[in-house]
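Please study the structure shown below together with its sequence. The briefing that follows begins with one residue and then turns to other parts of the chain.

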Amino acid sequence: MSDNIITITDFMDPNLDVYARLTENQLLNRANPKEGMFIAESPKVIERALDAGCEPVSLLMETKHVNGEARGIIERCYDIPVYTAEFDLLTKLTGFALTRGTLCAMYRPKPMSVEKVCRGARRVAVLEDVVNPTNVGAIFRSAAALHMDAVLLTPACSNPLYRRAIRVSMGTVFQVPWAYFSKCNEGYIGELHRLGFKTCAMALTDDSVSIDDPMLRSEERLAIVLGTEGDGLHEQTIASCDYTVKIPMSHGVDSLNVAAASAVAFWELAK
């Protein structure tokens, strides 16, 4: 194991750019997606990424973790470089203090199609233009915990493999199948219908049905459509869905954060 353990002496080493100096868009590498990467933080999240078949490129960690909680990860990753330093030195790298002492750069997995992730699915979450990676990560965590079979995203959504989304999701972005629609908002509801899903728009309108309506639970295949922060779903999306669904609330509150609303919806509609 010792041959690939590399003590950091130069913080401007290009091999550390992926951790400290590349933007999310640079990591995504739209010009050459096959070389796109992401950063997984903490041993638990890294383990989940490895379990999902993601290919590691390098590790960065506190020296004490080499023979501690990261030892199993190092053994699983074989001969990739393992960059190490003491914690007070590593905090010079942007963002390292936010982790639990271990980072892993990995290649992005090959994207899956909507048709593939929906095969056999009964309950799917659909995110329309949710741009905040914190919300995307939180929704994935709820989707994993509360029986969603897949998550589908419109093209404008924040990428689930952005560093913050992965961290907030606790690695569940590697456990719940997900895919992007290739079409913009006016086309994807029709695609869901062609795949055999009834669609419910989470929105407040005069003709909304309550989230505990028995009709919703009786649907064999149901897609739960959640809108962007602030503005919610597009009007044409609501008009195209089979149901418009509201969460009954008290104290004059008229809406919830999209991540909170997703947890309520997943719990009730996956029963």
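Leu 16 is placed in the loop between β1 (5–7) and α1 (17–20); helices (H or I, at least four residues) and strands (E, at least two) are DSSP runs, numbered from the N terminus. This is a predicted model, in which local features need pLDDT of at least 70 and side-chain atom pairs count only at pLDDT 80 or more, while totals for chains, interfaces and linings use all residues. Residues are numbered from 1 along each chain as its sequence is written, and side-chain values use heavy atoms, with hydrogens and water left out.

**Surroundings of Leu 16**
- Leu 16 counts as buried because its relative accessibility is 1%; buried means under 20% relative accessible area, exposed over 50%, and partly exposed in between (1.4 Å probe, protein chains only).
- Leaving aside residues up to four places away in sequence, Leu 16 touches Ile 8, Asp 10, Phe 11, Arg 21, Leu 60, Tyr 83 and Leu 93, where contact means heavy atoms within 4.5 Å.
- Leu 16 and Ser 58 are 42 residues apart in sequence, and their C-alpha atoms are 9.3 Å apart in space.

**Two residues with positive phi**
- Tyr 78, in the loop between α4 (71–76) and β4 (82–85), has a phi near 60°, a positive value in a residue other than glycine.
- Tyr 78 is exposed because its relative accessible area is 68%.
- Asp 129, in the loop between β6 (123–127) and α7 (133–145), has a positive phi of about 55° although it is not a glycine.
- Asp 129 counts as buried because its relative accessibility is 13%.

**The seven-stranded sheet**
- An open sheet of seven strands, with parallel pairing, has the order β8-β7-β6-β11-β9-β12-β10; two strands pair if DSSP finds at least two bridges between them.
- Its edge strands are β8 (178–180) and β10 (209–210), each of which pairs on one side only.
- Strands β9 (residues 198–202) and β11 (residues 222–226) pair in the parallel sense over four bridges.
- Thr 199 has Ala 223 in β11 as its bridge partner.

**The chain as a whole**
- The secondary structure comprises twelve helices and twelve strands.
- The C-alpha trace spans about 65 × 40 × 30 Å along its principal axes.
- Of the 271 residues of the chain, 50% count as buried.
- Among contacts with a separation of 6 or more, 79% are between residues 24 or more positions apart.
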